[in-house]
Amino acid sequence: MSAGGNGSTGDSRRSGNISDGHTMNFDHSDAELNDPLTDEELDFLERFLSGNAVCEDAMDSVMLHGFLTAVISGPNAILPGAILPWVWDARHATRQPRFLSAGRARKVTGLIFQYWNDINDTLNHCPDLFELPLHTTVYAGEEVPILDAWCEGYCKGIDVDREAWEPLIGRHPEWFNIILLFGTGSGYQELAQRDYTVEQRRSFVLQLAASALNIHHYGCEERRKLMEQGERPGMIPACQDQKGRTGRQAGRRNLEAQHGSGSKDLFLVDSLGRVTEDAFHPLALSPLATRFTRGGTSVDVHIYRAGDHGRDGWILEIVDASGTSTVWEDPFPTDGAALAEALSTIDTHGIASVSGDGPAPAPKH
């Protein structure tokens with residue numbers, strides 16, 4: 001087997017109470033996506049988004065926080081196929097990340113949706129703990145927060161579904177003043193003409209958090225009213241224009257009408273959000289995929305099809321918390337055989353052998 005690398009694309013399923021925000025989950029094997037990101041996981045995500053696997057216009061973790069906050073609070077539910085392209089390329093949503101393995105792709109996209117759920121849960125259930133994860137800089141000899149990246153992310157979240165946001169912006173412009181001031185080109189021009197004090201800049205952080213909470217509460221109330229009337233909020237899926245670029249879906253689309261009321265596999269997209277038969281999706285991953293924990297160390301065991309419909313066997317890949325990937329070079333005849341090999345390796349050589357903390361065992365294939 002060989003170590004290292006990243007993967008292909010991610011998959012996810014939407015669940016949760018739509019009136020309380022927009023929760024995003026993978027399948028049942030990814031229950032950990034409901035847990036808050038650990039410092040180690042957030043550090044790994046930040047390193048990936050700032051590394052050479054993505055383009056220079058990829059969002060960093062602060063911009064991503066602002067973006068997801070807007071997406072969660074917006075009038076319509078935004079499906080992953082519509083948001084992932086902007087994470088990878090915040091300027092054009094056309095440049096894909098360079099994943100080298102399906103396990104790494106699943107880990108990175110999983111962390112993004114775990115971050116999504118973490119923000120969503122904080123906004124809904126403990127808003128007093130909602131904070132903006134801002135970087136700081138020195139201004140006039142004192143440390144002040146940098147608001148630009150978070151506000152730019154929030155504005156991008158608005159732009160994904162701009163038409164639906166316009167009525168709220170017109171009704172409560174005071175909630176958007178600072179967001180637009182630090183998150184748009186016209187706002188930068190206005191900032192250049194102002195000389196805010198250190199205390200004013202610090203106070204903006206509290207005002208931004210209050211605005212985000214007000215907007216989210218308003219959105220939840222509007223969704224609740226819709227549901228009480230027997231209606232459902234709109235759904236913004238991934239779509240393409242004639243040139244194949246991911247674009248914004250105009251209008252609203254009913255999820256049942258698009259996929260069928262009994263469908264569980266809601267979407268099949270590549271890392272640009274484009275519908276494709278070749279994307280890494282729920283059916284490509286074995287239901288035996290799982291997480292092992294030994295002595296406080298956890299690794300994710302990924303088992304996915306090799307070749308069309310798995311005719312070439314099943315690939316075994318184990319990814320640790322830092323993103324190090326261990327891949328068996330040859331496929332297994334069944335997913336059960338792959339899982340048995342993972343168990344045998346961990347029991348025989350210890351979990352350190354596949355967690356980057358120890359020597360890798362010799363491959364059996």
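**Salt bridges, rings and cores in a predicted model**

Helices here are DSSP runs of H or I with at least four residues, strands are runs of E with at least two, and both are numbered from the N terminus. A word on the source: this is a predicted model, in which local features need pLDDT of at least 70 and side-chain atom pairs count only at pLDDT 80 or more, while totals for chains, interfaces and linings use all residues. Residues are numbered from 1 along each chain as its sequence is written, and side-chain values use heavy atoms, with hydrogens and water left out.

Back to the pair. Glu221 and Arg224 form a salt bridge, with the closest N and O atoms 2.6 Å apart; the term means a side-chain nitrogen of Lys or Arg within 4 Å of a carboxyl oxygen of Asp or Glu. Glu221 counts as partly exposed at 28% relative accessibility, and Arg224 is partly exposed at 32%. For these labels, buried means under 20% relative accessible area, exposed over 50%, and partly exposed in between, with a 1.4 Å probe and protein chains only. Also in H9, Glu222 and Lys225 lie 3 residues apart and form a salt bridge at 3.5 Å between the closest N and O atoms.

By this rule the count comes to 15 salt bridges. One of them joins Asp57 and Arg91, whose closest N and O atoms are 3.4 Å apart. This pair links distant parts of the chain: Asp57 is in the loop between H1 and H2, Arg91 in the loop between H3 and H4, 34 residues apart. Are the two partners buried or exposed? Asp57 is buried, because its relative accessible area is 19%; Arg91 is exposed, because its value is 54%. Both belong to a network of salt bridges that links Glu56, Asp57, Asp89, Arg91 and Arg95.

Next, the rings. The structure holds 8 aromatic pairs. Rings of Phe, Tyr and Trp (its six-membered ring) pair if their centres lie within 6.5 Å; planes under 30 degrees apart are stacked, over 60 edge-to-face, and the rest tilted. Trp165 and Phe176 are an edge-to-face pair, 6.1 Å centre to centre with 90 degrees between the planes. Trp165 is in helix H6 and Phe176 in the loop between H6 and helix H7, 11 residues apart. Trp165 counts as buried because its relative accessibility is 1%, and Phe176 is buried at 0%. Trp175 and Tyr218 are also edge-to-face, 6.1 Å centre to centre, at 70 degrees. Here the partners are 43 residues apart, Trp175 in the loop between H6 and H7 and Tyr218 in H9. Trp150, Tyr154, Trp165 and Phe176 form one aromatic cluster.

Last, the cores. A nonpolar core is a set of buried Ala, Val, Leu, Ile, Met, Phe, Trp, Tyr and Cys residues joined through side-chain atoms within 4.5 Å. Which residues touch the most other members of the largest one? Of its 65 residues, they are Leu64, Phe67, Ile83, Trp88 and Trp150. Helix H4 (102–125) is among the elements that give two or more residues to this core, and H4 gives the most, with 9 residues. Leaving aside neighbours within four places in sequence, Leu64 is in contact (heavy atoms within 4.5 Å) with Leu45, Leu49, Met59, Val87, Ile112 and Tyr115. A second, separate core of 15 residues includes Val301, Ile318, Leu339 and Ala342.
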